Amino acid sequence: MNNTVLVYATRWGATTETAMEIIRVIKEKFNIDVDLINLKDKKTRNPDISNYDNIILGVSVARFRWAKEGKNFLKKKRNTLAEKKLFVFVSSGGAGDAFKANDIEKYEQLQKKWIDNTLEKFNLQFTSRKALGGRYVGNFADRGDNRDWKVIRSWAEEIGFIISEKESS
Ligand SMILES: Cc1cc2nc3c(=O)[nH]c(=O)nc-3n(C[C@H](O)[C@H](O)[C@H](O)COP(=O)(O)O)c2cc1C
C-alpha cells in the first residue's frame, strides 16, 4: 500500500482520465506511486482509507450536483478525512467554460461553489483544491472537452511537492 490514494467518482469517464494523468505526473516527477480507488465499483464503495496520509478526491459535477458517491464518501469518512491531507478536484464543464473564456471571477465562483462550499458542509478543510474542466457528452456533446491538461499537470505537480516534502521529512 502506498501513502497516497486518489479516490474518484465519475459518471462518463472524464474524471477517470484526469485522475490517471494526475497519478502519472506524480509518478514521473516525484517517483511516488498513488493508489487508485473507484467509488462506483461495488467492491470499493466503502474503502478503508485509514492508513493513507494523503487523499486526493476527484468528483464529477453534473446536473448541478456532485456525483452521489463523492458526497457519500465525505459523509461516511468525514472523521477520518479530517486527520488527512486532503486534495480535491472536480470535473466541471461549467468551471472549464469559465476558465477558457478567461472569466476568472466566474471560475473562482464556481470553484468555491463546487469545492469550498461542499467541504464546508462536512466541516472539512482542504490542503489544495482545483476545479478542472470536463468533457461534455450526450445532448451537450457539442460543448466539447474543456479540460486544460497544462493546468491539470501543474496541479498534480503541486500535490507532488507537498506530499514529497512530507515523505522526506
Ligand atoms: C447531462 C450533463 C449535465 C451537466 N451538468 C453540469 C453542471 O451542472 N455543471 C457543470 O459544471 N458541468 C456540467 N456538465 C459537464 C460535466 O461537468 C462534464 O461532462 C464532466 O466532465 C463530467 O465528468 P465525468 O465524465 O467524470 O462524469 C454536465 C454534463 C452533462 C453531460
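Predicted model: local features only at pLDDT ≥ 70, side-chain atom pairs only at ≥ 80, totals over all residues.
**The ligand**

At G13 the backbone takes part: one of its polar atoms is 3.2 Å from an oxygen atom of the ligand.

**Strand β1 and residue L6**

Select L6 next, which is in strand β1. With a relative accessible area of 0%, L6 is buried. Show its surroundings, leaving out residues up to four places away in sequence: L6 touches A19, I22, I23, V34, D35, L36, I37, I56 and F89. L6 and V88 stand 82 residues apart in sequence, while their C-alpha atoms are 9.5 Å apart in space.

**The largest nonpolar core**

Select V7, I55, L57, W66, F73, L74 and L81. These are the residues with the most contacts inside the largest nonpolar core, which has 29 residues. Two or more residues of this core come from each of β1 (4-9), β3 (54-62), α2 (68-81), β5 (85-92), α3 (93-100) and α4 (104-121). Which element gives the most to this core? It is α4, with five residues.

Stay with I55 and display its contacts. Not counting residues up to four places away in sequence, I55 touches V5, V7, I49, F73, L81, K84, K85, L86 and F87. Apart from this core lies another, of 20 residues, among them A19, F30, L132 and I152.

**Aromatic pairs**

The structure holds four aromatic pairs. For one of them, select F30 and F161: the ring centres are 5.2 Å apart and the planes are at 75 degrees, so this pair is edge-to-face. The pair links distant parts of the chain, with F30 in helix α1 (residues 14-30) and F161 in helix α5 (residues 149-168), 131 residues apart.

**Charges over rings**

Select K113 and W114: K113 lies over the face of W114, at 4.9 Å from the ring centre. Then select R143 and Y136, where R143 lies over the face of Y136 at 5.3 Å from the ring centre.

Go to Q111, in helix α4. Is Q111 buried or exposed? Its relative accessibility is 4%, so Q111 counts as buried. Setting aside neighbours within four places in sequence, Q111 is in contact with D116, R129, K130 and A131.

End with R63 and F64. Most residues other than glycine have a negative phi. R63 has a positive phi of about 50 degrees although it is not a glycine. F64 has a positive phi too, near 65 degrees. R63 is found in the loop between β3 and β4 (65-66), and F64 has its place in the loop between β3 and β4.

Notes:
Residues numbered from 1 in each chain as written. Heavy atoms only, no water. Phe/Tyr/Trp six-rings, centres within 6.5 Å; stacked < 30°, edge-to-face > 60°. Helix = DSSP H or I, 4+ residues; strand = E, 2+ residues; numbered from the N terminus. Lys NZ or Arg CZ within 6 Å of the ring centre and 35° of its normal. Core = buried A, V, L, I, M, F, W, Y, C linked by side-chain atoms within 4.5 Å. Buried < 20%, exposed > 50% of the residue type's maximum accessible area, 1.4 Å probe, protein only. Contact = heavy atoms within 4.5 Å. Polar contact = N/O pair within 3.5 Å; in protein donor to acceptor, adjacent residues only side chain to side chain.
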